[in-house]
Structures are given as structure tokens and as C-alpha cells.
Amino acid sequence: MSIVQICRCGLMLGFLIPAVLGASQLAQTPGPAQPYPLDPLSAAELTAAAGLVRAAPQFPAGALFASLVLKEPAKADVLAPAGGAPGLRQAFAVILDPKRNRTFEAVVDLQQSRVASWTEVKGVQPVVLEAEYDTLVRVVKADTRWQAAMRKRGIDNLDDVQIDYWAVGQVAARYQTRRLLRAVSYLKAGATNFYGRPIEGVGVLVDMAAAQVVEFIDTGAVPIPPASHELDEKSTGVRAAPKRLTIEQPDGASFTISGQEVSWQKWRFRYTMHPREGLVLHTVGYEDEGRVRSILYRASLSEMAVPYGDPDRNWGWRSAFDVGEYGMGRLASPIEANTDAPPNATLIDAVMAGDDGQPYTLPGAVGIYERDGGLLWKHYDSYSKTNQSRRARELVIFFIATIGNYDYSINWVFHQDGVLELDSELTGIMLPKGVRDAKTKGHGAGYPSGHLVSANLVAPHHQHFFNFRLDFDVDGPRNSVHEMNTRAMPSGPANPWGTGMVMEETRLASEITAQRQVNLSSARTWSIVNSAAQNALGHHTSYILVPGVNSIPYAATASQVRRRAGFINRHFWATQYRPDEMYAAGAYPNQSLGGGGLPRWASNGESLSGQDVVVWYTMGVTHIPRPEEWPIMPVTHVGFKLIPGGFFSRNPALDVPR
Ligand SMILES: [Cu+2]
């Protein structure tokens, strides 16, 4: 295996001079000339694929590329002992004909330079596209009812209004066959944070193919809130800066990157930036006594749903599916050196296809860096007064997506003790609602579904549900799923002190029995077990999913959002691997009425014993807004850990040097 130390030039230029520390930027990671089967399509491949699709006789004039990505080869081919299927390069395209409201899927064979398949997919809507925004604004601003609603609120210059676009969220079934977008209006005059100045009461639903307003709502004017604090240093004022804290790696970073492959300490993995899922990890393994043992084949954010809890006519429909309706990867914001990422980070560009199919570069889309991890392990022997202690180092690879007002960072954190952690950071601007009152009466009084966070501004309660698709291959693809519950032993002769506790491990044998909830009272965790592999102590090797903070949904069981985001009904799911089962709310959640995706795939109850198992973990944040989160939210963390359970025979970090 040849690994190129791509950071070297960046390190020599930037990192030896502590005073001018700055992240190194990688436009392209040099790798092997032959792409690995999972490498994303290069700019040249995207151009070729888009050209072939556009030249196909079925391609409608004026059609848009809702998606153009690598069609990942079959897992068995990638894992073949010969080193995968390097010859096979295919592209997968989703095409939207916006004029006729039709959706097509195409597969392009790049080797043979031909469109291998072309299929119309009926009754679905692909992601919201940037190219649709101008049409939406034009239709809304030309509507006389909307114009009158603005004038009624004292807004004469319509250029002062910022239109924000939304997927429709909940929608009446009678509109289902149209391609729809919603427009929310804000006053941007004199404020960069227009989200703080909602033009409340006005809702517009637009048929995009007909370029027509199909529903206009005005529930009545309320005062437009005064401009919120700007976020730049001049406006906020600055406190005395703390003394300098320097992060330096004078000898360079300890990780190496070759193409999309990362090697750090004993971890080996590949990463890609996918326009829909954002950062994806592939073939994650750990080097143990000279061989790399597999843990995960693929790990990614499969869907997100953010239902808002205000029943108001202009709010009840709001539930953003940030992965399937908008595309978390396409909405990655450039990582800023020294703020978004520490000075020792390496920032890596990503190449994606635009709505026109043409490749473009997303600068600094992915960040990777090492950081101090606190204490790794320690014991002070009080008798001999000797100390054995090790400091932990962590490797973080991450991206940040900005979906309208909200910013999410998704961090995968690799630890030296075999733990892989997912840490999501939620920040940005809460979505607020204009109200009549400038002050609240007592602690949160007056608004049962939200909290006043500023004068005339309520931030409605809402929840964020993430679903991570974790395709485990613990020591190979054949795995089983166990649940671990701890309970107190009954008092009695076998437990005379009443202190006994037992952990009971139960096999979750099918996709039905594997639909589970977190349980604090039994300290519940789940393990993905290889029953054919053992460690030196005779334990079957496994990785355990340890939940972090979680929530249950408050939307009614029969509500549309619970059907559309059926994955939020359970925290833990497991299914047999199927290459086309990728997204928890289905391939096309936009405007769906629900019923598809994960709940359907799991409903036939296939066996999970000794199968290629995919785990789907739902984690939720219940967000009850506070004034301290306005005008911008300090970061909230939510995540989970994958920890080895009998995967090793002793502490795998014993060999970390002092
Ligand atoms: Cu929130």
C-alpha cells in the first residue's frame, strides 16, 4: 500500500511558522491514477456524464439535474479480494423537467460512453433546486394579494423583502401531483439577519410548473420585530481576548491522505462528500496486529426531519427534511480556517454537479484535523507513588451544512481506543415568528408553543431528528444484532445484599423485533456481533452502539409528518443490506405522503441472524428556545458512540506512548 503524505507541502509552507498558522487547503488530493470504485466522480467524469445525459433523445429541453453522482458499485464487487471493480464507473442522474413536472432516473456507463438506462419515476418530486428560486420570487412578487399584504404592513418597496424558499412540508393531498414550493417573507431592509424580521401572517404556496400561486394566506398583520443585533464584531462589541493558545504540529499532521483514503494511528477509512448526505465514511477498519479488521462498510446521515411545534396555519406545515428535500452536501458551506476549524486543520475541496450538470468546486467542504482528547487512561499508584498516564489524541473529519437559517456540523471523531464517535453541532439562527407582544408575562407565559426570545419575536418549539445509516461489517459482512439491558437482581437468597445487577443480552432476530427505543432504566445499548469471530477470551467480536441524548416525537402519531418521517417512530432499526435502501424517508421525501422508506423496508421482518446488517439510528433533539439562543445559537451537541465490545482482548490503547 502506497500512501502519499499529501500534507507535506502545506506543512512546510505554513506550519513551521507558528505566527502565521493557518489551515492548509487541498484543491485535490493526489491519489492513485486509477480511481477506487467508491471515489466520487471527477470533474471530467461529471462533464462526460452530463453531456451523455443531455444528448440522450429522451432528455427534455430545459431539464435540470436534481442529482448527478457516482453510482456506487455493488458491495460484493468493491470487497472482492482482487481489490474491487476498478473498471466499473457509472453515474446516476435524477432529471427534473420543470415545465412538465416529470422526473427521470438515468444510469450512465462512463466506460462505454452511453446512457445505460432511462426511466420515468412517476408521482415523486426530487430535491428543491437552486435554479427554481428565481421563478418562485418572480411569481410571489407579481401576486397582487401578496403585494397588498406587504403594503398593509407598511412595506412599499418590495425590494426590501427577502423571500426564503421552503419545500412544502405538510401539504393537502389535492395538490400532490403538482411541483410545489412555499415562500416565507422577511424584511431585509437595514438588517443582514433578515430571519429576525419575519413578515408574519403571510404564506404563499406556488405551483412551480404553472408558475402560479395556488394558495395565499394572510392571517393578519403583527408588528415586524425591530432589527436584531448584527453578528459582526463591530455590532456585537468584543470582550478582552484571552491570551494566545497556540495549536502547532511542527512535525506535521499524523494522518495521511491518499486520494480519498485516510490513515491515522490504527484507523483506516475512506471518505467522500455526497451532494445529498454530505460526508460519507466508507470501509472503516482498525489495524490490529498487522491486519486491518473491518468495522463499517459505509456510514452516513441518511435523513433529517425538523418538525415545528406551532399549530398556526403558517407554521403547522413546517418540517424540513434537510437531507432528502434540500441536500446536506450541496449546502455545505466553505469551512473557514481558524474559526470553523482549528489552525492545524487540512481543508479539502469537493467537486459536485450543479443543477445544469456542470461540475463546480465547493471550496473547503471537508475539514480534517487532530486535537487533544484529554485523558486517555491513567492510574496513580498510591503505595509506590508512581503514575502511569497517557494523553489522548483524536482525529476529527467534518463538514458544515447551512440550510437557510440553521447550521449543522457533522463530526466523525476517531479515538485511539477503538471508539468512533458522531458529534453533531447545531448552531445558526433559530426560525422565529413575529408576535404582537414586545415582552412576555413571566417565564414563557403567553406562548404555549414557543418562547419569546426578543421583542415581538417568538421562537417556536421544534425537534431535530437525525437518522444515521450504519452499514456494519464487524470482522466481515455477516453480523447479528443484540440488545443489552441491565436490571437489578431480585432480592433473595441469591442476592442477600440487594446489590446484584445483571445484564441480559437478547438477539434481535428480525427486522420487526429490531425496532427499538432507548431506555434509561435498563441502560440499553445494542451490539452488532460477528458470531463467527472470537477474541482471545472467547467473546464474539462486536461493536456497541451507545446512544447519547435522545427524544421522542411530539407530533401526533397520525400526523402527516410522522408518516412521512416514519423513521422517527423508533430510535433503533436494523435491516438486511439492500443497495437501494439508502434513505430513511425514502429516495424522494419531497412532497411524499409517507409510508415509504425504512418502516416499509423493515416491515417484512427479514432475518438479522448472520446477515449483512444495516443499522439505522434515529437521534432527536427537543429544542425549547431560550433568549440566550438569540440572535444566534451557541452550539448544542448531540451524538452517539460506536465502541468496541469484545472486538479486542484488552485495552487497545495500551500501546499509546507517553
Ligand atoms: Cu433547533
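Which helix and strands do the buried residues of H4 pack against? Hi everyone, let me start there. They pack against helix H5 (144–152) and strands E6 (161–166), E7 (180–187), E8 (202–207) and E9 (212–218), where contact means heavy atoms within 4.5 Å.

Some ground rules before going on. This is a predicted model, in which local features need pLDDT of at least 70, side-chain atom pairs count only at pLDDT 80 or more, and totals for chains, interfaces and linings use all residues. Residues are numbered from 1 along each chain as its sequence is written, and side-chain values use heavy atoms, with hydrogens and water left out. Helices (H or I, at least four residues) and strands (E, at least two) are DSSP runs, numbered from the N terminus.

Back to H4, which covers residues 133–141. Leu-136, Val-137, Val-139 and Val-140 are buried there; buried means under 20% relative accessible area, exposed over 50%, and partly exposed in between, with a 1.4 Å probe and protein chains only. Looking down the axis of H4, the buried residues fall within an arc of 165°, so they line one face of the helix. That arc is taken from the directions from the helix axis to the C-beta atoms. Asp-134 and Arg-138 are exposed, on the face turned away from the buried side of H4. As a reminder, an α-helix has 3.6 residues a turn, so residues three or four places apart point the same way.

Now, the metal. The copper ion is coordinated by Tyr-406 through OH, His-462 and His-464 through NE2, and His-623 through ND1, at 1.8 to 2.0 Å. Donors here are N, O and S atoms within 2.8 Å of the metal (3.2 Å for Na, K and Ca); water is not among the atoms, so sites may look incomplete. Along the chain, the donors are spaced as Y-x55-H-x1-H-x158-H. Tyr-406 in strand E19 (residues 406–415) and His-462 in strand E24 (residues 462–472) are 56 residues apart, so this pair links distant parts of the chain. Tyr-406 is buried, at a relative accessible area of 3%, and His-462 is buried with a value of 3% as well.

What is the geometry of the copper site? The angles among the four donor atoms run from 94 to 143°, and the site is irregular. For the cut-offs: four donors count as tetrahedral if all angles lie between 85 and 135 degrees; four count as square planar and six as octahedral if opposite donors are over 155 degrees apart and all others between 65 and 115; anything else is irregular.

Next, another histidine. His-571 is in the loop between helix H8 (560–564) and strand E29 (572–576), and is buried at 3% relative accessibility. A polar atom of the His-571 side chain lies 3.0 Å from the backbone nitrogen of Val-518. Leaving out residues up to four places away in sequence, His-571 touches several residues, including Arg-516, Asn-550, Trp-616 and Tyr-617.

Finally, some backbone details for you to check. The peptide bond from Trp-630 to Pro-631 is cis, with omega near 5°, and Pro-631 is in the loop between strand E30 (611–623) and strand E31 (633–644). Ala-211 has a positive phi of about 50° although it is not a glycine; Ala-211 lies in the loop between E8 and E9 and is partly exposed, at 33%. Thr-283, in strand E13 (residues 278–288), also has a positive phi, near 40°.

Key
A polar contact is a pair of N or O atoms within 3.5 Å; within protein, one must be able to donate a hydrogen and the other to accept it, and residues adjacent in sequence count only if both atoms are side-chain atoms.
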